[in-house]
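Morning, everyone. Let me put the structure up, and then we go through its charged pairs and its core.

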Amino acid sequence: MTASSVSPSLGRSLGTGTALTVSDPDRVERDERLVRRRFWQKLRANLHRVPFLEELLAAYFCATDPATPYRAKAILLAALAYFVLPVDAVPDWLLIAGFTDDAAVLAAAVQTVRTNLTPGHWLRAKEVLRAEKGGESESAG
């Protein structure tokens, strides 16, 4: 599955300087259900393999924040849905390269909506990341 199949507008517009329009509210709703259902499980299963965890968490908190504008939510949810999907351009189980496509999609989405990511989203991301990694080391020891 590619970013453009998750959200057709997202794949065509990111990084091109063209205006982004989100025209499918049903797709945005499906993306949100998918992300809410699978995000934490995928994140926890890959804590040691994903180098962009803070950005991922900040994007999640921004996308699920009721104060975030709809357009920004739609963009972030499409990128987060791409992360949680079991099938994507580069399989996640590949060492080193596995999450490069996910990182690229997320980076493009975050760059597009960067003004909507508040200091509060970043702070929550840092706090959760610290707690998740702390819990990981406690359970390993």
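A salt bridge, for this talk, is a side-chain nitrogen of Lys or Arg within 4 Å of a carboxyl oxygen of Asp or Glu. Keep in mind that this is a predicted model.

Take three of them. First up, E132 and R44. Their closest N and O atoms are 2.8 Å apart. E132 sits in helix α7, R44 in helix α3, and 88 residues separate them, so distant parts of the chain are linked. Buried or exposed, what is E132? Buried, at 16% relative accessible area. R44 is partly exposed, at 44%.

Next, E54 and K126. Here the N to O distance is 3.7 Å. E54 belongs to helix α4 and K126 to helix α7, so this bridge ties together parts 72 residues apart in sequence. E54 is partly exposed at 25% relative accessibility. K126 is partly exposed too, at 40%.

Then R27 and D24. Their side chains meet at 3.8 Å, N to O. D24 has 30% relative accessibility, so it counts as partly exposed.

Now the core. The largest nonpolar core holds 38 residues. F39, L56, L76 and L80 have the most contacts inside it. Helices α3, α4, α5, α6 and α7 each give two or more residues. Which element gives the largest share? That is α5, with eleven residues.

Last, a look at L76. Setting aside neighbours within four places in sequence, L76 contacts A59, C62, A63, A109, V110 and V113.

Over to you for comments.

Key
Residues are numbered from 1 along each chain as its sequence is written. This is a predicted model: local features need pLDDT of at least 70, side-chain atom pairs count only at pLDDT 80 or more; totals for chains, interfaces and linings use all residues. Side-chain values use heavy atoms; hydrogens and water are left out. A nonpolar core is a set of buried Ala, Val, Leu, Ile, Met, Phe, Trp, Tyr and Cys residues joined through side-chain atoms within 4.5 Å. Buried means under 20% relative accessible area, exposed over 50%, partly exposed in between (1.4 Å probe, protein chains only). Helices (H or I, at least four residues) and strands (E, at least two) are DSSP runs, numbered from the N terminus. Contact means heavy atoms within 4.5 Å.
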